[in-house]
Amino acid sequence: MNRPYLFCHMMTSLDGKIMGSYMETPEGEAAGNIFYDIAFGKTPYYKHQGWLSGRVTTDDNFTFYRKPVLDEEAPVVPDGDFVAKETNMYYVSVDPSGKLGWESNTLTYVDTTAHVIEVLTGKVSNAYKAFLRKLGISYIIAGEDALDYALALEKLKERFGIETLMLGGGGLLNWSFIQAGMCDEISIVVTAAADGSSDTPSLFRAREGLSENEAVRFALQSVEVKDGGSVWLRYLVNNGEQEDEI
């Protein structure tokens, strides 16, 4: 497999929402700790080298909708990808148009520090790539006008040595990678709480032109009851490689 093993690891409410006031309940806090420990704790279940999110998730949690400080007169940067640093943990942000206003080439999530990699497309301006280079932020080009999922993952493995990667995006990004046949496993910590909101995003979401609402089947691997009444579910994604049972 010429790409990292990709597992989607998310925390949801009982009704499948990935954000909302349910997270502030005692049950939500317990589930949040379990979610973190599984992927980033002292003895994590997954031995991955990074996690991947979309632009909106990145803005919500790390760049806070700042605008990038661009120099439109910057010298033309070399073609292709830019590897600024090699390390043991990366944060990969899918940012096809180059909009995120970074201030540093690293970020810290709780007590996990990661080097930032931007996934861009060919439509990103020279000024934005120069901005990333100035900050020492790595980037790869995957696709001309739209994201090439397979190429992005291939480059993450070849350029940075990422063998296992966590997918932790919003519902659109999660479903897009699943629909593209690039996601191998689903890991969900289900919280024993819900808030009934109709405005918060769900675990998966299709969008016309980006992904389809065609059904995908999953094969259950394990179920574990955790603290606070939460449940940890693991599924393999059926990407057409498993035969129907007779």
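Which residues is Tyr128 in contact with, leaving aside its neighbours within four places in sequence? I started my notebook there, keeping in mind that this is a predicted model.

**Entry 1: Tyr128 and the cores**

I looked up Tyr128 and found it in contact with Pro68, Leu70, Asp95, Gly98, Lys99, Leu100, Trp102, Glu118 and Leu120, its neighbours within four places in sequence aside. I then turned to the largest nonpolar core, which has 36 residues; Tyr128 is among the members that touch the most others, together with Trp51, Trp102 and Leu132. I checked where this core comes from: β1 (5-12), α1 (26-40), β5 (112-120), α3 (126-135) and β6 (138-141) each give at least two residues. Helix α1 has the largest share, with seven residues. I also noted another core apart from this one, with 33 residues, including Cys8, Val92, Ile186 and Leu203.

**Entry 2: Phe177**

Next I went to Phe177, which sits in helix α5 (residues 171-179). Is Phe177 buried or exposed? I have it down as buried, because its relative accessible area is 1%, and the cut-off for buried is under 20%. Beyond residues up to four places away in sequence, I see Phe177 touching Leu6, Leu52, Tyr149, Leu153, Leu167, Met182 and Cys183. I also took a distance to Val225, which is 48 residues from Phe177 along the chain: the two C-alpha atoms are 28 Å apart.

**Entry 3: Salt bridges**

How many salt bridges does a search of the whole structure find? I got nine, and I followed up on a few of them.

I began with Glu103 and Arg66, whose side chains meet at 3.4 Å, N to O. Glu103 lies in the loop between β3 (90-94) and β4 (106-109), and Arg66 in the loop between α2 (55-63) and β3, so this pair ties together parts 37 residues apart in sequence. I noted Glu103 as exposed, at 58% relative accessible area, and Arg66 as partly exposed, at 27%.

I moved on to Asp81 and Lys155, which form a salt bridge at 3.1 Å, N to O. Asp81 is in the loop between α2 and β3 while Lys155 is in helix α4 (residues 149-160), so parts that are 74 residues apart in sequence are tied together here. Both Asp81 and Lys155 are buried. I also wrote down a salt-bridge network that links Asp81, Lys155, Glu158 and Arg159.

My last pair was Glu185 with Arg234, where the closest N and O atoms are 2.8 Å apart.

**Entry 4: Pockets**

Which residues lie nearest the centre of the largest pocket? I found Gly54, Val56, Thr57, Gly169 and Gly170 there, out of 50 lining residues. I put the volume of this pocket at about 1,500 Å³. Its lining draws at least two residues from each of β1, α1, β2 (50-54), α2, β3 and α5, and α1 has the largest share, with seven. By class I recorded 24 nonpolar, 17 polar and nine charged residues.

I then looked at the second largest pocket, which holds about 180 Å³ of space. Among the residues lining it are Trp102, Glu103, Ala127 and Phe131. I noted eight nonpolar, no polar and three charged residues in this lining.

Methods. Residues are numbered from 1 along each chain as its sequence is written. This is a predicted model: local features need pLDDT of at least 70, side-chain atom pairs count only at pLDDT 80 or more; totals for chains, interfaces and linings use all residues. Side-chain values use heavy atoms; hydrogens and water are left out. A nonpolar core is a set of buried Ala, Val, Leu, Ile, Met, Phe, Trp, Tyr and Cys residues joined through side-chain atoms within 4.5 Å. Buried means under 20% relative accessible area, exposed over 50%, partly exposed in between (1.4 Å probe, protein chains only). Helices (H or I, at least four residues) and strands (E, at least two) are DSSP runs, numbered from the N terminus. Contact means heavy atoms within 4.5 Å. A salt bridge is a side-chain nitrogen of Lys or Arg within 4 Å of a carboxyl oxygen of Asp or Glu. On a 1 Å grid over the protein atoms alone, a cavity is a set of points where a 1.4 Å probe fits but cannot get out, and a pocket is an open set with protein on both sides within 12 Å along at least five of seven lines; lining residues have an atom within 4 Å of a point. Grid points are joined across faces, edges and corners, and a volume is the space filled by probe spheres set on the points. Ala, Val, Leu, Ile, Met, Phe, Trp, Tyr, Cys and Pro count as nonpolar, Asp, Glu, Lys and Arg as charged, and the others, Gly among them, as polar.
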